[in-house]
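Biologist: Please put the model up. I would like to go through it by question and answer.

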Amino acid sequence: MADNTAADTDLRWMQYALELARRAEEQHGEVPVGAVLVVDGLLVGEGHNHNIGLNDPSAHAEIQALRDAGRRVGNYRFPGATLYVTLEPCAMCSMALVHARVARVVYGASDPKTGAAGSVFDTLISERHNHRIDVVAGVSAEESGALLRAFFRKRR
């Protein structure tokens with residue numbers, strides 16, 4: 001029963017991350033990726049891609065969520081936190097998550113080109129780091145992937 005509760009919680013937070021991803025595209029013309037940082041069942045940070053609008057290559061959804069959480073919580077470390085993100089984190093975001101001591105990452109669509117949570121690189125679980133992150137892949141993967149495919153189809 002506990003697994004169903006965790007799976008339901010993961011799905012609920014991923015749905016919110018998907019709302020943020022849609023907002024990124026609809027309101028800002030950004031690649032639709034959303035992220036939510038949760039501690040003890042409470043939202044502490046949220047973000048969506050904002051690279052284009054901010055002219056900032058580091059303004060990925062995950063980084064935006066970490067920055068938001070830092071402002072809200074008054075810390076740069078988030079032990080026990082879970083990050084929900086619609087696309088598998090890249091190497092930059094993965095290392096930020098490791099440095100932030102996030103406990104768990106739940107992502108939607110895999111990124112076969114730059115994914116660093118198991119697709120291309122295993123940054124989040126590497127034994128070379130002093131902190132490893134539990135990873136759950138594929139939550140709302142079809143919906144996350146469809147959103148990205150539709151975005152890039154419009155751009156071509």
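Modeller: A definition first: helices are DSSP runs of H or I with at least four residues, strands are E runs of at least two, and both are numbered from the N terminus. Note also that this is a predicted model.

Biologist: Which residue takes a positive phi just after helix 3, and of about what value?

Modeller: Helix 3 runs over residues 61-73. Just after helix 3, a positive phi is taken by Gly74, at about 80°.

Biologist: How far apart are the end C-alpha atoms of helix 3?

Modeller: Helix 3 has 13 residues, and at 1.5 Å a residue it should span 18 Å. The expected span is 1.5 Å times one less than the number of residues. The distance between the end C-alpha atoms agrees with this, at 18 Å.

Biologist: What covers the buried residues of helix 3?

Modeller: The buried residues of helix 3 are Ala61, Glu62, Ile63, Gln64, Ala65, Leu66, Asp68 and Ala69. Their cover includes strand 1 (34-39), strand 2 (42-48), helix 2 (51-54), strand 3 (82-87) and helix 4 (91-99).

Biologist: How many residues apart in sequence are the parts that the pair of Trp13 and Tyr84 ties together?

Modeller: The structure holds two aromatic pairs. In one of them Trp13 and Tyr84 are stacked, 6.5 Å centre to centre with 25° between the planes. Trp13 lies in helix 1 (residues 2-28) and Tyr84 in strand 3, so the separation in sequence is 71 residues.

Biologist: Are Trp13 and Tyr84 buried or exposed?

Modeller: Buried means under 20% relative accessible area. Trp13 has 10% and Tyr84 has 3%. Because both values are under the cut-off, Trp13 and Tyr84 are buried.

Biologist: What kind of pair do the rings of Phe151 and Phe152 form?

Modeller: Phe151 is buried at 3% relative accessibility, whereas Phe152 is partly exposed at 34%. The ring centres are 5.1 Å apart and the planes lie at 85°. Planes over 60 degrees apart put a pair in that class, so Phe151 and Phe152 are edge-to-face.

Biologist: Within what arc do the buried residues of helix 5 fall, seen down its axis?

Modeller: The buried residues of helix 5 are Ser144, Gly145, Leu147, Leu148 and Phe151. They line one face of the helix, because their arc is within 155°.

Biologist: Which exposed residues sit on the face of helix 5 turned away from its buried side?

Modeller: Helix 5 comprises residues 141-155. Its face turned away from the buried side carries Glu142, Arg153 and Lys154.

Biologist: How many disulfides does a search of the whole structure find?

Modeller: For Cys90, the nearest cysteine sulfur is that of Cys93, 3.8 Å away. A disulfide needs the sulfur atoms within 2.5 Å, so Cys90 is in none. Cys93, buried at 0% relative accessibility, is in no disulfide either. The number found in the whole structure is zero.

Biologist: Which element gives the largest share of the largest nonpolar core?

Modeller: This core has 24 residues, of which Leu37, Leu83, Leu97, Val102 and Val105 touch the most other members. Two or more residues each come from strand 1, helix 3, strand 3, helix 4 and strand 4 (104-109). The largest share is four residues, from helix 3.

Biologist: How many residues are in the other core that lies apart from it?

Modeller: Among the members of that other core are Leu20, Val36, Val139 and Leu147. Its size is 12 residues.

Note on methods. Residues numbered from 1 in each chain as written. Predicted model: local features only at pLDDT ≥ 70, side-chain atom pairs only at ≥ 80, totals over all residues. Heavy atoms only, no water. Buried < 20%, exposed > 50% of the residue type's maximum accessible area, 1.4 Å probe, protein only. Contact = heavy atoms within 4.5 Å. Phe/Tyr/Trp six-rings, centres within 6.5 Å; stacked < 30°, edge-to-face > 60°. Arc of directions from axis to C-beta. Core = buried A, V, L, I, M, F, W, Y, C linked by side-chain atoms within 4.5 Å.
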